[in-house]
Amino acid sequence: MNTQDTGTLPRKALLGSGALRAFIGGRWVIAFLLLETAYFCFRTEGFANLNSAQILLFYGVQVFLLAVAELFVIVTGGIDLSVGYVLGFASIVSIKLIVFLGNAGLPAPLALLLGGAITLVIGLVPGLINGWLVAYLGVPPFIATFSMLGVCHGVSELLINGIYAMGLPQLAADIGNGHFFYLAPGGIVSFFTRPEVERGVQVLEVIPIIVVVTAIVVGVFAFVLRRSRFGRHIYAIGGNSDAAVRAGIPVKRRLLGVYALSSFLASLAGVVYAFMYVSGKADAGASILLDAIAAVMIGGASMFGGTGTVGRTMVGALIIAVLELGLRMSGTPTFNKYILVGAILIFAVVMERYMPESRK
Amino acid sequence: MEYVLETRDIVKRFGGLTAVDRVSIGVEAGEVLALLGDNGAGKSTLIKLISGVYRPDEGEILMGGKTVRIESPIDALAAGIETIYQDLALAENLDVGANIFLGRERMKRSLGVLKVLDDPSMALEAQKVLDRLDIHIPSLKSTIKTLSGGQRQAVAISRSIYWDAKVLIMDEPTAALGIAEQRKVLNLVRTLKDQGIAIIIISHQMYDVFEVADRLAVMRRGVKVGERVVKDTSPDEVVGLIVGSETVGKH
Amino acid sequence: MSDDSGGFLATGLGRSLANNWAAFFLLLMLVVFSMTGQNFLSIVNFQNVVHLQTVPLLLAAAETFVIISGGIDLSIGFVMGLVSVSAARLMQAFLASGLPVGWVIVLASGIVLVGSLIPGLINGIIITRFKVPPFIATMGMWGIANGLALKLCQGFPVAGLPDALPEMGNGYFLYALPGQFMSLFGKPSWFPDARVRELWRLIPFSLPFILAILAVLAFALKRKRFGRHTYAIGGSMDAAVRSGIDVDRHVIKIYTLSSFLAGIAGVFNIFQTGIGNYTTFSAMYELFAVAAVIIGGASLSGGKGRVWSSAVGVLVLAFLENGLAISGVQPFYRYIAVGVLLVIAVVIDKLFPNLR
Amino acid sequence: MKKSIIAVLAILMIVLVAMPGFSQAKLKVLFMPGVADPFYFTMEKGIKAAADKAGVDLTVAEYPKAWGPENQIPILQATIARGKFDLLLIAPTSNEALKAPLKAIYDKGTEIITVDTFLGDGDYSKKSDYNFPLSYIGSDNELGGKQMAEQLAKLVGEKGKVFVEATNPDASSVQGRVKGFKAGVAEFPKMQLVGVEWCQDIQQKAQEQTLAALQKDKDIVGIFGLNVFSAQGATQAVINAGLSGAVKMCLWDATLDNIANLKKGNADLVLAQKPGEMGALGIEWGVKYLKDKKNVKVPKKVIPGFEFFTRENASSPAMQPFIYQ
């Protein structure tokens with residue numbers, strides 16, 4: 001999309017040999033995350049404990065999912081601006097469906113399962129349209145997905161007619177905010193439900209259910225990108241789409257798949273949103289789109305496609321999440337977050353340019 | 001001897017323009033056919049017709065004497081026609097093995113159920129074919145980005161060979177290479193020829209043509225204007241055919 | 001994509017229709033809305049729409065240059081907010097120091113306009129020297145400008161500025177009651193409030209202001225070396241480098257211009273509203289500016305686009321919104337309409353690739 | 001690569017126990033605002049003053065950048081993780097989504113007062129899964145909307161077309177105001193509500209939408225500007241159209257800009273909620289309860305009511321405290 005970059009880099013030995021540069025290029029992101037984490041651990045009271053780590057991961061799930069969605073698209077050299085509003089759309093659709101199924105007499109667990117599943121299927125639609133526009137009509141991804149952003153926004157607001165989508169059964173909130181097990185003083189262990197204890201007694205909550213679900217999904221997609229034929233093909237498309245065509249890769253179908261997948265992950269994030277916040281609204285994911293893209297970029301993917309891994313994208317997402325939580329817990333005004341994320345983003349891409357990894 | 005690949009009166013039009021006009025060429029096993037012509041003579045279009053990027057409007061393509069339908073790059077590959085374009089069509093972000101197997105990845109079963117990419121075996125096969133062609137690349141793990149022009153060309157050729165090409169089409173294989181690397185590539189072409197592959201080379205470099213080709217065909221404005229056996233012709237005559245000058249054109 | 005160069009496109013009418021489809025679409029829209037929306041077709045409405053589109057027009061013009069050069073500038077929306085808030089803060093400071101109102105306005109506006117060059121300069125340098133893709137570089141600036149603006153205003157729109165600002169920003173050249181009287185630059189003081197609905201107000205100050213800026217930019221793009229180089233870079237970076245254009249320098253200039261225009265938009269915003277506004281998250285000014293430029297016929301791959309066409313793109317979006325509102329269409333359908341329109345624009349562009 | 005990630009996670013997840021830093025005698029209070037806007041900034045001022053007076057240790061959480069539980073809850077949790085608080089004053093951004101996290105915080109021993117917005121239907125006196133907060137202190141948005149309709153009716157002579165410029169349709173307080181206003185207008189048979197537009201907190205959009213509405217119905221006689229951004233944008237649109245004075249403007253939220261427009265004659269009525277007082281009342285009741293849990297009974301609902309600014313009283317010293325700044 002941006003062609004202003006085709007010139008070769010000034011290959012000045014900025015930092016010694018190529019090997020050294022490649023070494024740093026591959027690892028500074030992780031070093032940065034470690035340093036950042038260490039900094040907040042020492043500086044911010046209450047940062048270095050299990051609870052904070054769980055908060056970090058729990059409230060990061062939407063960003064993690066959208067970042068993976070965005071990564072797949074960015075590896076092909078595209079971009080998906082619609083994921084934030086697809087998330088909102090899915091949060092609304094899932095609640096509407098679950099409430100409808102509940103009213104139709106389905107028991108709550110079944111309604112949740114079925115409603116969630118149908119939403120994920122419906123959630124493919126925006127992506128399929130995006131993919132069709134991009135792959136078959138040649139519409140630039142930026143425009144196609146921006147249009148889809150508008151359409152999803154409009155349809156969402158029409159669906160709820162300007163009011164929150166609400167009315168999920170209690171079970172949804174229990175799953176959405178539940179943990180795998182709870183430890184209460186006196187050796188009481190309780191799985192999935194918080195033990196009844198006297199008010200004021202500290203209960204240790206361990207591993208939010210949703211974090212586990214997200215981790216599994218992210219893991220599966222990491223596998224798909226790295227080890228499946230589909231993953232290999234989308235790297236090839238991003239690396240050299242002509243070559244991919246000539247090697248007999250069904251490029252258009254793959255692109256369709258990538259956008260559908262992106263939209264699927266966004267819908268999943270939307271369903272998760274609905275369970276976490278027991279409400280749905282159009283702009284539920286609007287403000288995290290840029291965090292998601294930034295995470296992918298900080299993780300070392302190239303805007304031009306062909307590079308990026310799920311693991312490093314997660315590191316990128318964690319860098320942002322740690323920064324946000326750390327600043328919040330130290331009581332530093334939020335505004336600094338935007339400035340810092342902006343700066344890290346640019347820094348990351350400069351690093352990627354000067355110290356590219358030798359491997360993908 | 002019978003042609004491995006043959007086109008008969010093949011035609012391709014773009015709007016009002018006829019880019020390839022009733023062209024018939026053929027190439028035998030273990031033979032190198034050079035395809036010559038000025039810019040815009042229709043060489044590339046002809047190549048793209050054979051390799052399935054374009055579909056012909058008229059005429060037919062034959063493999064081993066039988067008509068084949070080539071409607072997409074996949075059809076061409078299936079028929080045993082491999083094409084190495086000038087830009088090599090390599091995914092620079094992937095490693096050697098991945099490129100050789102691009103679009104035809106090897107899979108294995110992991111845990112008995114999941115089908116996953118079998119990178120180790122692809123790397124192994126890549127090493128084998130590189131050895132067969134006597135090509136040395138420092139590390140198969142490195143991405144194409146880090147290789148030199150000649151090494152890339154070698155990877156592209158290895159890819160074609162690996163898939164048991166009957167016909168190999170090379171578009172300007174030596175352009176943009178240093179002298180030493182040009183030699184290597186030409187040697188490679190000879191090796192391939194000895195292994196019985198039919199090769200079509202497009203080139204502007206007269207030296208290359210006379211070095212490796214057995215026959216040559218010249219195109220001008222979409223039409224085949226001449227065909228010569230290399231050892232019976234001279235560079236001057238060929239240039240004459242290419243530019244269409246009258247004096248040397250009569251033969 | 002399409003190979004045929006004959007047929008309808010070859011005719012003069014077909015060509016100009018495809019070339020200026022956005023303008024034709026705008027006309028068509030005006031006709032349709034004139035029938036569906038009571039009161040849509042009126043000088044007053046058109047004036048209002050154009051007046052309110054001054055900021056989007058400036059931003060779209062900025063984006064036009066960047067997109068022609070093959071880049072994108074995501075920071076302009078927040079640079080505008082930052083400039084607006086800083087100008088307001090400066091004005092407050094100057095007012096407190098007892099400077100006369102006229103000086104306050106001129107000085108503060110001048111300072112922030114010069115300051116508005118900085119984000120663009122930084123964008124340009126990051127893009128050219130460090131080879132960071134424009135999307136990322138300007139996205140970083142997006143965050144930085146947003147953070148700074150919020151820091152400066154602490155989340156409050158900055159109020160307490162001179163009354164003269166909105167009066168100038170929203171004034172008209174001509175006030176008239178047909179057949180009775182005319183007055184320049186202001187409503188006659190004797191005119192009773194009760195009859196204010198009958199008064200005609202013509203030519204807002206903003207109109208010649210924006211026309212002049214667009215004309216200068218269009219001229220620079222079409223007739224000056226600056227514009228020629230911009231197209232050259234967007235058309236083929238390599239060719240531009242080889243033909244001796246100092247591409248890096250030129251790209252820096254383009255991003256600086258873009259951010260300067262965003263600065264003008266920020267200052268104008270103060271004149272229009274009388275307060276310093278930070279840009280809210282949901283505004284997506286930059287995305288709509290890009291959309292307008294694309295509807296105007298530019299291509300994200302660079303080398304194509306015109307200032308006036310982008311202006312038409314802005315008006316298409318504005319009249320779509322305005323017309324549907326006046327026709328009484330439920331608001332949420334409009335987001336959908338904008339999305340669909342945008343896709344149509346690009347598909348048309350794809351169908352007729354050899355234009356312009 | 002993989003190992004390093006695991007190392008990071010390990011650092012984050014495993015061990016490192018929290019420092020038990022809550023041994024001071026001073027009561028610890030946390031204020032969690034709804035969104036970064038003048039209303040909550042003003043509330044913070046009221047809270048600060050009351051907290052100083054009561055001698056409690058106050059923490060103000062980061063202001064969410066946009067309205068919504070997905071923005072507020074992570075901030076709330078991050079701030080709560082800093083240590084144990086005795087009292088939490090919060091403006092919930094969703095009456096559903098905040099139930100679970102607030103209940104968990106309550107279970108850990110923190111008392112909760114919701115300010116400005118509420119959980120469920122806001123009635124904590126009956127048995128429900130959201131009746132654990134001590135109290136709801138805040139405006140009755142629906143009532144406010146209704147009162148605005150009545151005041152506007154008075155201004156326009158109880159007849160003619162009126163219009164609402166609103167903000168984000170996804171907020172319950174906004175819905176309450178619209179609902180109340182609609183009900184209020186319905187009481188006057190000669191008045192007609194010709195439209196509600198949503199500006200999504202973008203002032204420019206509010207201006208465009210209001211101008212379009214004025215164009216569609218040229219005989220609009222009154223407009224209700226429903227929050228800071230909608231009110232400011234709508235007022236500017238009426239000024240643009242040259243209709244100041246001819247179209248009566250009722251504005252919600254007493255920002256400096258709205259009050260200035262009132263004084264200039266561009267607006268006719270400004271409703272001030274009492275954010276400062278809401279905050280102060282929250283501190284007072286909360287502290288009173290915490291100091292003597294057995295004997296103090298906190299009212300489940302405290303409604304400070306509204307103040308109406310008119311041109312006549314806008315400059316009076318008694319009204320100045322109600323301006324948000």
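Me: Which domains does the domain assignment of chain B give?

Reply: Domain bounds come from an automatic or database domain assignment. In chain B of this predicted model, domain 1 covers 5-80 + 165-250 and domain 2 covers 95-164. Residues are numbered from 1 along each chain as its sequence is written, chains are lettered from A in the order in which they are written, and side-chain values use heavy atoms, without hydrogens and water. Because the model is predicted, local features need pLDDT of at least 70 and side-chain atom pairs count only at pLDDT 80 or more, while totals for chains, interfaces and linings use all residues.

Me: How many residues of domain 1 of chain B are in contact with domain 2 of chain B?

Reply: Contact means heavy atoms within 4.5 Å. Here 14 residues of domain 1 of chain B touch 15 residues of domain 2 of chain B. The C-alpha centres of these two domains are 27 Å apart.

Me: What is the area buried between domain 1 and domain 2 of chain B?

Reply: Buried area is the accessible area (1.4 Å probe) that two parts lose on being put together, summed over both. For these two domains of chain B the figure is about 1100 Å², with 65% from carbon and sulfur atoms.

Me: What is the area buried between chain A and chain D?

Reply: Between chain A and chain D about 4500 Å² is buried, and carbon and sulfur atoms give 58% of that. A:Y164, A:R199 and A:R328 supply 17% of the area that chain A buries against chain D, more than any other three residues. In residues, 51 of chain A are in contact with 48 of chain D.
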